[in-house]
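Trainee: Could you take one part of this model and go through it closely, setting it against the whole chain before you come to the details?

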Amino acid sequence: MSRFGPDPRAFFNFVYQDMAPWDIGAPQPAMDAILEKYPPANPILDVGCGPGDLSIFLAQRGHQVTGIDFVESAIKNAQAKSDSLPPGTAQLVSFKVADALKPASLHQKFGSVVDSGFYHLFNPDQCDQLIDEIASILLPHGCYYLHEFAVEFPRPNMPRQISADELRARFTIDRGWRIKEIQSVEFLSRVAPPLPAICACIERLPK
């Protein structure tokens with residue numbers, strides 16, 4: 001069951017008719033900080049990339065990045081930003097309209113997956129599916145970087161609260177994961193004060 005009504009695509013298409021509230025025109029500072037502490041390996045997949053700011057930021061740092069989102073207008077916005085980059089940077093980043101809940105459909109392996117406000121959009125059963133998909137595309141010792149809300153909203157059509165306990169329960173050694181760090185941080189937006197959030201770097205272990 002979707003948290004965003006019977007047609008989530010229509011919901012997010014409506015949101016992206018304008019600048020989405022969570023788009024601050026740059027990477028979230030907490031995500032920037034954890035990527036700085038645990039440098040990602042190439043190539044990088046940005047799931048639920050929205051208008052592409054995190055993907056472009058990583059490309060500007062010399063990384064090879066693919067950003068995916070099912071909202072066509074968001075991808076068009078991201079591609080327009082990419083087209084204005086210097087050629088050497090633009091060639092490092094690509095954007096695709098795709099279901100980020102099913103990254104295995106890309107038929108590609110990645111050294112890292114970045115997730116800035118995507119995992120928290122889904123109910124637990126959908127998160128199980130997402131984790132399995134990410135496990136199937138991450139190279140050994142590749143890392144999954146998450147930055148999600150750590151607060152519950154008392155109204156519909158909102159992300160859910162993600163806790164450190166949930167991440168520890170889902171990403172275990174037995175399931176092929178090693179948590180490198182979980183941090184209590186903030187999530188910035190254009191329309192509200194900073195909100196409690198959680199940031200994590202989780203390594204995929206070799207089989």
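**A buried glutamine in its setting**

Mentor: The protein exposes about 9700 Å², of which carbon and sulfur atoms supply 55%; accessible areas come from the Shrake-Rupley method with a 1.4 Å probe, and for residues only the protein chains shown count as cover. This is a predicted model, in which local features need pLDDT of at least 70 and side-chain atom pairs count only at pLDDT 80 or more, while totals for chains, interfaces and linings use all residues. Residues are numbered from 1 along each chain as its sequence is written, and side-chain values use heavy atoms, with hydrogens and water left out.

The protein has seven helices and seven strands, where helices (H or I, at least four residues) and strands (E, at least two) are DSSP runs numbered from the N terminus. The radius of gyration, taken over C-alpha atoms, is 16 Å, close to the 17 Å that the globule rule (2.2 Å times the number of residues to the power 0.38) gives for 207 residues, so the protein is as compact as a globular protein of that length. Along the principal axes, the C-alpha atoms fill a box of roughly 45 × 40 × 30 Å. Of the 207 residues, 50% count as buried, which is to say under 20% relative accessible area, with exposed meaning over 50% and partly exposed in between (1.4 Å probe, protein chains only).

The part to look at is Gln-28, placed in the loop between helix 1 (8-15) and helix 2 (29-37). Gln-28 counts as buried because its relative accessibility is 4%. Leaving aside residues up to four places away in sequence, Gln-28 touches Trp-22, Ser-116, His-147, Glu-186, Phe-187 and Leu-188, a contact being heavy atoms within 4.5 Å. Across the protein, 71% of the contacts between residues at least 6 apart in sequence join residues at least 24 apart.

The backbone also deserves a check, since most residues other than glycine have a negative phi, and most peptide bonds are trans.
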